[in-house]
Amino acid sequence: VRWINSMGVGTIIACLTTLRNRDGDIRFANLHHASAHYFHITKIESVVQIFASVEEAVASFGKAKQE
């Protein structure tokens, strides 16, 4: 995703809430600069995990189960 707006942020938060209520989670990987900036200014980065690569994001799910 090269660009995100407040509607996208709302959708992400709604999905995150649904997933966490069902013992799930969401990860983001390889964010485009503009999206990463928006995650930063809206502070979404404080409630979701962001990774440099898809491989790192996928591996983090296994680590979360071990904890």
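Modeller: In this predicted model, Lys43 lies in the loop between H2 and S2, where helices (H or I, at least four residues) and strands (E, at least two) are DSSP runs, numbered from the N terminus. Residues are numbered from 1 along each chain as its sequence is written, and side-chain values use heavy atoms, with hydrogens and water left out.

Biologist: What is the phi of Lys43, and how should I read it?

Modeller: Most residues other than glycine have a negative phi. Lys43, however, has a positive phi near 65°.

Biologist: Which other residue has a positive phi although it is not a glycine, and where is it?

Modeller: Asp23 has a phi of about 60°, and it sits in the loop between helix H1 (6-21) and strand S1 (27-29).

Biologist: Is Asp23 buried or exposed?

Modeller: Buried means under 20% relative accessible area, exposed over 50%, and partly exposed in between (1.4 Å probe, protein chains only). Asp23 is exposed because its relative accessible area is 78%, and Lys43 is exposed with 60%.

Biologist: Why is Ser35 classed as it is?

Modeller: Ser35, in helix H2 (residues 33-41), counts as buried because its relative accessible area is 2%. Leaving aside residues up to four places away in sequence, Ser35 touches Val1, Arg2, Trp3 and Ile4, contact meaning heavy atoms within 4.5 Å.

Biologist: Where is confidence lowest in the chain?

Modeller: Confidence is lowest in helix H3 (residues 54-66), at a mean of 84, while the chain has a mean pLDDT of 91.

Conventions
Predicted model: local features only at pLDDT ≥ 70, side-chain atom pairs only at ≥ 80, totals over all residues. pLDDT = per-residue confidence, 0-100.
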